[in-house]
Amino acid sequence: MILAAGINDSVIVVVLASAVVYGTPLLYAALGELLAERSGVLNLGVEGMMLVGAVMGFWAVQRTGSLLIAIVVAAVAGAAMALIHAFLVVTLRANQIVSGLALTIFAGAAGLSSYLGNTLNVADEPARRTFDSFLPHSWRSAKVVGPILLDNNALVFASWGCVILVALYLNRTRLGLNLRAVGESPAAADAMGINVTAYRYAHTVAGGAFAGVGGACFSLAITPQWVDGLTSGAGWIAIALVIFAFWRPTLCIVGAYFFGAFSGIPFTFQARGILSGVPPELFQALPYVMTVVVLVLVSSAGARRRLGAPGALGTPYVREER
Amino acid sequence: MIRIERRLVQPRWLSVAVPIGTVVVAFGVMTIVLLATHHPPGHTFDRLFTTGFGGKDALNGTFVAATPLLFTGLCAAVAFRMQLFNIGGEGQLYVGAIVGAAAAIALGNHSGWVSVPAMIAAGAAGGAAFALIPGILRAFFSTNEIITSLMLNYVGALVIDYLIFDSQSYWRDTSSPTAKVFPQGKNFPDAASWPLAHAGGLLLPFGFLAGIVIAFLIWVLYTRTRFGFEVQVIGDSPRAASYAGMRTRRKILAVMALSGAIAGIGGASQDGDFRHTLDPRGLTSAGYGYAGIVIAALGRYNPFAVVVIAFLLGGLQNAGFALQGADFPSGLVGVLQGLILFCALGGELLVRYRIRFDRQVAATA
């Protein structure tokens, strides 16, 4: 037992455990963005959708005391935001980049999420209920795997299920095959009788729901409270993550925990007094700097073949103009 | 059945009707949002406009709020015109403010004729250097500039925090005992205060006038030079540009540097026009860079339109700050900006396409 406690207390295990905690919102948001991008819709509004999900989920738990309702509300709120983007880019054929940026400004830290937080009066109060670890203590204190994998809340376990479901959906179902066709070549998909518009709407909105749940990971588990701009750039890291994962759900989990580790390091190191001479801002900048570094590595390697990117990503589909 | 067809000719009246329609629809949706959250819309809009544009004091405040937006708007417009999505205006403004502040402190209290141009040059250099990071990555590694420039915004904010809160840096005031307990930036010498133009009771910040001059220069550059022509071709059709032998890589670097330099001057203007110290909280909480994207998109990347829209959105922002409180929640201005932008994007459709209600198709479908 003493030995186990020793290992579980070591810096590496603590960092890995924090990687899972901080990686989970990234994982949800990245899975959602992946679904949207696989249908050919680039949604840069992830940060805004996460924030609206976070504030609405938090409001729901304060109102109802039910975590399940809170998660549903967060997902619906994120989906509603994504619906705006879908309407603009699919039906109205607006520029996907500008529309996504508009969504982030509309919903983001200085927009709707802040407005809702103020109007619903949810700032600066602790959550009535939060997602906590629930497995038996003996499991959670198991060597290494305990703190990293088992000492987690339901959102973390559910995120693993989501990865598997999304991977199976994309690669093993008819709908997933159709989705990939829509993202690669909407004209060919249309000729096959697939409703391109419906697929794009459905997956953009589903992506928003995932982003909303990702935001709720912050307000109901990690921070558990509501402050403006709570996600501090996680939505953007999630968009970068989809690129690192070559648009594959199983690789998203690796990327999410990689970036989760860099998000968790400042807190762990500060708590332990490790490298206390180094300014904390240096550690806080790590997730952002690492995103740039890894993105450069991936893009210079993938530049020649655009590894895994859906062929029609970012382009509207207009049947008459093919 | 509703059909959407591409327009063959774009009627002139549309270019007037669509922007007006955009604003009307945006305010209509805003009214619904306000009603749904139990705020009286008429009263809210009335206060918004009186505080933003009603009277000389309101207009002076609006010029102050519009100045940084003018720079970040031009920063985004210059880059977006080439389909180069530099959304790092925020961070480039921070770095411009840092380098501009260093120039202000270093030059001491000699002459405004030295300090002001030096601050502008320093701010431009700082912003350009910071923008060149995503520029170089995009040009040589084809790394998505949207994400890299955005990530650097967070890094820029952390750099300012470090300089003032967590170090004994050149920028930090360590002279008085209170400054040691409550970290703050050094106050600049008087020579580093930018002049203020008086015009009929209105106070125009030097930075705002400089921004208008820059807007004019950009217009000349983009419509009257070979460089500008090539930028537009690359923006509209990268393939045509490469067939024509245009050097895309060089243009990416040049446009990124130009874009960052403009945001950097915006940062120096924050130092010299308004704050007279390196002020981390004030700079990083305002979101100038993101508002600049809204302005550039609404102005359809036209520099003169950016001036006008920066002034109008500056009024909204000015009113938003002044009115913030229990009955006027923060975030309202951001929501309104977003709505206007959504409506403008939707309105583009009406310019490019026409909508027909086709009965015959409905009967057969």
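**Figure 1. Helix 3 and helix 5 of chain A cross in a left-handed sense.** A crossing counts as left-handed if the near helix is turned anticlockwise from the far one by less than a right angle, and as right-handed if clockwise. This is a predicted model, in which local features need pLDDT of at least 70, side-chain atom pairs count only at pLDDT 80 or more, and totals for chains, interfaces and linings use all residues. Residues are numbered from 1 along each chain as its sequence is written, with chains lettered from A and ligands numbered from 1 in the order in which they are written. Helices (H or I, at least four residues) and strands (E, at least two) are DSSP runs, numbered from the N terminus. Helix 3 (residues 46-64) of chain A packs on helix 5 of chain A at an angle of about 30 degrees, the axes being 7 Å apart. Helix 3 of chain A is therefore roughly parallel to helix 5 of chain A. Axes are lines fitted to C-alpha atoms, for helices over the stretch in contact, and angles run from 0 to 180 degrees between N-to-C directions. Angles under 35 degrees count as roughly parallel, over 145 as roughly antiparallel, 65 to 115 as roughly perpendicular and the rest as oblique. Glu47(A), Gly48(A), Met49(A), Leu51(A) and Val52(A) of helix 3 of chain A meet Leu103(A), Thr104(A), Phe106(A) and Ala107(A) of helix 5 of chain A. Residues are in contact if their C-beta atoms, placed from the backbone, lie within 7 Å. By class, this contact of helix 3 with helix 5 of chain A has 6 nonpolar, 2 polar and 1 charged residues. Ala, Val, Leu, Ile, Met, Phe, Trp, Tyr, Cys and Pro count as nonpolar, Asp, Glu, Lys and Arg as charged, and the others, Gly among them, as polar.

**Figure 2. Helix 5 of chain A packs against helix 15 of chain B.** The angle between helix 5 (residues 96-107) of chain A and helix 15 (residues 332-352) of chain B is about 160 degrees, with the axes 8 Å apart. These two helices are therefore roughly antiparallel to each other, and their crossing is left-handed. Chain A contributes Val98(A), Ser99(A), Ala102(A), Ile105(A) and Phe106(A), while chain B contributes Gly334(B), Val335(B), Gln337(B), Gly338(B), Leu339(B), Leu341(B), Phe342(B) and Leu345(B).

**Figure 3. The contact between the chains takes 40 residues from chain A and 41 residues from chain B.** Helices 4 (67-91), 5, 6 (112-119), 13 (234-244), 15 (280-284) and 16 (286-302) of chain A each supply at least two residues of the side that touches chain B. Helix 16 of chain A gives the most to that side, with 8 residues. The side of chain A that touches chain B has 27 nonpolar, 10 polar and 3 charged residues. For the complex, the predictor gives an ipTM of 0.87 and a pTM of 0.90.

**Figure 4. Helix 8 (residues 206-224) and helix 9 (residues 226-236) of chain B pack at about 75 degrees.** Their axes are 5 Å apart. Helix 8 of chain B is therefore roughly perpendicular to helix 9 of chain B. Leu221(B), Tyr222(B), Thr223(B) and Arg224(B) of helix 8 meet Phe227(B), Gly228(B), Val231(B) and Gln232(B) of helix 9. The residues of this contact in chain B divide into 4 nonpolar, 3 polar and 1 charged.

Notes
Two residues are in contact if their C-beta atoms, placed from the backbone, lie within 7 Å.
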